Amino acid sequence: MSRGKSPDFAVEGRDGTGLKSEIPWVRVFGREESPSSTTGWYVVYLFSASGRHVYLSLNQGTTIWTGGVFKPRRLADLRARVDWALPLLAEGTAGRPDLHRTIELDARNPLGRGYEPGNVLAIAYERDQLPAQETLLDDLHFMTGLLGTLYKAERLTPYIPGDPTPEVVEAEQSAAKTAGWRTHSRARPSRSGQGFLLTSDERRAIERHSVRIATKHFEAQGWKVKDVGDKESFDLLLTRGERRLHAEVKGTTSAGREVILTRAEVEKQRRYYPDNALVVVHSIELDRTQEEPAPSGGVLHCTSPWLVEDDDLTVISYVYRTRVGSPQAYEAGRKSPPLPPGVPPQRHVWEQPQVPDGGRSPL
């Protein structure tokens, strides 16, 4: 389902066989909004481990693919997303006193227990008191209507509390793509943690908005402000009397706990210290209903002087020197260790340096 279109729901299910969770489920979801059970919002039938009851739950992805394993999302993040969703559903659920805010699945392992805090709202059925099929279908239709409400709101929201920072997710995905990393088939898609990533126009609009806010902030303090972002590795050059300040400005729709810095930005700011500043304009709102993205609001946080500590940096990717074509690589190829049993001999491209031979060399 793409932006602006009506929901295109699909159904999938697992009976628990082969899963690390003992909780069987049947899931109804939007193909784009929630391509796997680890991402986005969906409606799901969750059967308790004891088999005594089943819940029709409006739920969410409760794990995140970390590149090697699925890691449970933090409870605080799941609850923050639930708190975001509930007010959006208040009008549509006003006449349903049978909806449950909590569910009990009798789960024994972390994956099964993760469905419980992921629940937004649920309808409970007892095994010995299942309603008629018509009622079950009406309930399913009602819950998918709530799901459609969340999908619509998600398309218009640049950041949902509890999600990873969009800029960080985008940088991680870009680095992984550049490195040729093959993602897991159930990994999160090219969206921020759960929601849609920002477009290039939206990123530029947020950047300009944050620079305007930072400029007004410094001008109110008596600084002369010059925007040098087009030609320098920082955004604003501030002067006041004999003093100069080099300010890096970062704007984000998230809570601002993480921002992306380039290697050049880090190196320059370390040289500029203590005549430098980091300005984070966070919690920016973004109106996606107009033809052009319209950012507004935001909370400014300024750190000056700004000392970039190694402990505050997280490496996303590396540039690695492979020694391909070096004399050391040639010698290493000649002295390769014995291969394990069953592994065929390897042809090393450096064993014989290429010599022009009139085009007679084998491919």
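This is a predicted model: local features need pLDDT of at least 70, side-chain atom pairs count only at pLDDT 80 or more; totals for chains, interfaces and linings use all residues.
Helix α3 covers residues 133-156. Its 24 residues reach 35 Å from the first C-alpha to the last, close to the 34 Å expected at 1.5 Å a residue. Buried positions in α3 include Phe142, Met143, Leu146, Leu147, Leu150 and Tyr151. Asp139, Glu154 and Arg155 are also buried.

The largest nonpolar core has 36 residues. Within this core, the residues with the most contacts are Trp41, Leu58, Val120 and Met143. Elements that give two or more residues to the core are β2 (25-30), β3 (41-47), β4 (53-60), α1 (75-89), β7 (121-126) and α3. The largest share, seven residues, comes from α3. In general, nonpolar side chains of soluble globular proteins tend to be buried together.

Leaving aside neighbours within four places in sequence, Leu58 is in contact with Met143, Leu146, Leu147 and Leu150, among others. The contacts of Leu58 also include Tyr42, Val43, Leu89, Val120 and Leu121.

A second, separate core has 16 residues, among them Trp223, Ala247, Val249 and Val281.

Strands β8, β9 and β10 pair as follows.

| Pair | Residues | Sense | Bridges |
|---|---|---|---|
| β8 and β9 | 224-227 and 236-240 | antiparallel | four |
| β9 and β10 | 236-240 and 243-251 | antiparallel | five |

Val225 has Leu238 of β9 as its bridge partner, and Leu237 has His246 of β10. Two residues lie between the strands in the hairpin of β9 and β10. In this hairpin, Gly241 takes a positive phi near 65°.

Terms used: Residues are numbered from 1 along each chain as its sequence is written. Side-chain values use heavy atoms; hydrogens and water are left out. The expected span of a helix is 1.5 Å times one less than its number of residues. Buried means under 20% relative accessible area, exposed over 50%, partly exposed in between (1.4 Å probe, protein chains only). A nonpolar core is a set of buried Ala, Val, Leu, Ile, Met, Phe, Trp, Tyr and Cys residues joined through side-chain atoms within 4.5 Å. Contact means heavy atoms within 4.5 Å. Two strands pair if DSSP finds at least two bridges between them.
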